[in-house]
Amino acid sequence: MENTDLSNPISPALLNTLDLSAEGGAANSLSVSGGVVAVALAADPKTDPGTVVFFDTATLNRLGSVTVGANPDMVTFTPDGAALLVTNEGEPNEGYTIDPEGSVSVVNVSNGYDNLTVATADFGAFNSQIDSLRAAGVRIYGPGASVAQDLEPEYIAVAADGSPSAWVSLQEANSVAVLDFPTLQTR
C-alpha cells in the first residue's frame, strides 16, 4: 500500500509504502480518521474471519488489530472517530461448500488501539422471514442458503449528523439494511 503526494497532479510523488505482507490476506478497503488508517484484510481463504489493522498515518507504525467477520469488504470511521464500521461480506467459496454469514462489525476505538473491542451484528433474525423478504424483492438465491448467508454486506454509509445509524448495501440481494450500531439492531 503506497502513500502518494498528489499536491502536484502532473507529478505525483511516492512518499512511502506500507508493507502489509506480514499481516496476511488482501487489502479490501481503508479509512482514515484522526491520524489513523484502518485497513480491512481478507483472510486466505476469504471464507475465514478477516482482520482490520490500524496504523499511524505519520509513522506507519502498527497500532493494533482486531478479528472481524469473513471477507471484510469496507471500513469506515464514524464522524467522531470513536468507532469503525466494517462490512463483512461473508461470500461463499466457489462450490458453495462453505458459505459464511454476512455481518457488520463495530470496532470501538475510543479506548485506544491497544484496547480495541468488537461487536458484530448479523442477519440471523431475518432467517424466519425468507418468504416475505423474497416476496418484497430481496434476492435470496444461494443453494440452501439462509437469509443470513445470502445477505452479503458490501458498502456502508454512516449518518453524517452523528446519529448512531448506518446504511448497509446488500448488493447481491438487491436491498439495503439499516444498522443502529449502539444496539446492533438491523432492519
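In which strand is the place of S31? S31 sits in strand β3. The model is predicted, so to speak of local features a pLDDT of at least 70 is needed, side-chain atom pairs count only at pLDDT 80 or more, and totals for chains, interfaces and linings use all residues. Residues are numbered from 1 along each chain as its sequence is written, and side-chain values use heavy atoms, with hydrogens and water left out.

**S31 and its surroundings**

S31 counts as buried, at 10% relative accessibility. Here, buried means under 20% relative accessible area, exposed means over 50%, and partly exposed lies in between, with a 1.4 Å probe and protein chains only. Leaving aside neighbours within four places in sequence, S31 is in contact with V36, V37, A38, V75, T76, F77 and L84, where contact means heavy atoms within 4.5 Å. A polar atom of the S31 side chain lies 3.2 Å from the backbone nitrogen of F77.

Strand β3 belongs to an open sheet of four strands in the order β3-β4-β5-β6, with antiparallel pairing. The edge strands are β3 (26–33) and β6, each pairing on one side only. Neighbouring strands of this sheet are turned by 20° against each other on average, direction ignored. Strands are DSSP runs (E, at least two residues), as are helices (H or I, at least four residues), and both are numbered from the N terminus. Two strands pair if DSSP finds at least two bridges between them. Angles run from 0 to 180 degrees between N-to-C directions, with axes as lines fitted to C-alpha atoms, for helices over the stretch in contact.

| Strand pair | Sense | Bridges | A residue pair |
|---|---|---|---|
| β3 and β4 | antiparallel | seven bridges | V32 and V37 |
| β5 and β6 | antiparallel | six bridges | F54 and G64 |

The hairpin of β3 and β4 has two residues between the strands, and G34 takes a positive phi near 55° in it. The hairpin from β4 to β5 goes through six residues.

What about strand β4 itself? Seven of the seven residues of β4 (residues 36–42) are buried, so this strand is largely enclosed by the rest of the structure. Both faces are covered: V36, A38, A40 and A42 are buried on one side, and V37, V39 and L41 on the other. In a regular strand the side chains alternate between the two faces of the sheet.

R62 lies in strand β6 (residues 62–70). Is R62 buried or partly exposed? R62 is partly exposed, with a relative accessible area of 44%. Not counting residues up to four places away in sequence, R62 touches E23, V53, F54 and F55. The R62 side chain makes a polar contact of 2.8 Å with the side chain of E23, and a polar contact of 2.8 Å also joins the side chains of R62 and S65. A polar contact is a pair of N or O atoms within 3.5 Å; within protein, one must be able to donate a hydrogen and the other to accept it, and residues adjacent in sequence count only if both atoms are side-chain atoms. R62 and T17 are 45 residues apart along the chain, and their C-alpha atoms are separated by 13 Å.

**A second sheet**

Another open sheet of four strands has the order β7-β8-β9-β10, with antiparallel pairing. At its edges stand β7 (72–77) and β10 (117–122), each with a single partner strand, so one side of each is left without a neighbour in the sheet. The twist averages 20° from one strand to the next. Strand β9 (residues 103–108) is joined to β10 by six bridges, running antiparallel, and V107 has V118 in β10 as its bridge partner.

**The protein as a whole**

The protein has two helices and 14 strands. Its radius of gyration (taken over C-alpha atoms) is 17 Å, close to the 16 Å that the globule rule gives for 187 residues, so the protein is as compact as a globular protein of that length. The globule rule is 2.2 Å times the number of residues to the power 0.38. Along the principal axes, the C-alpha atoms fill a box of roughly 55 × 40 × 35 Å. Buried residues make up 44% of the 187 residues.
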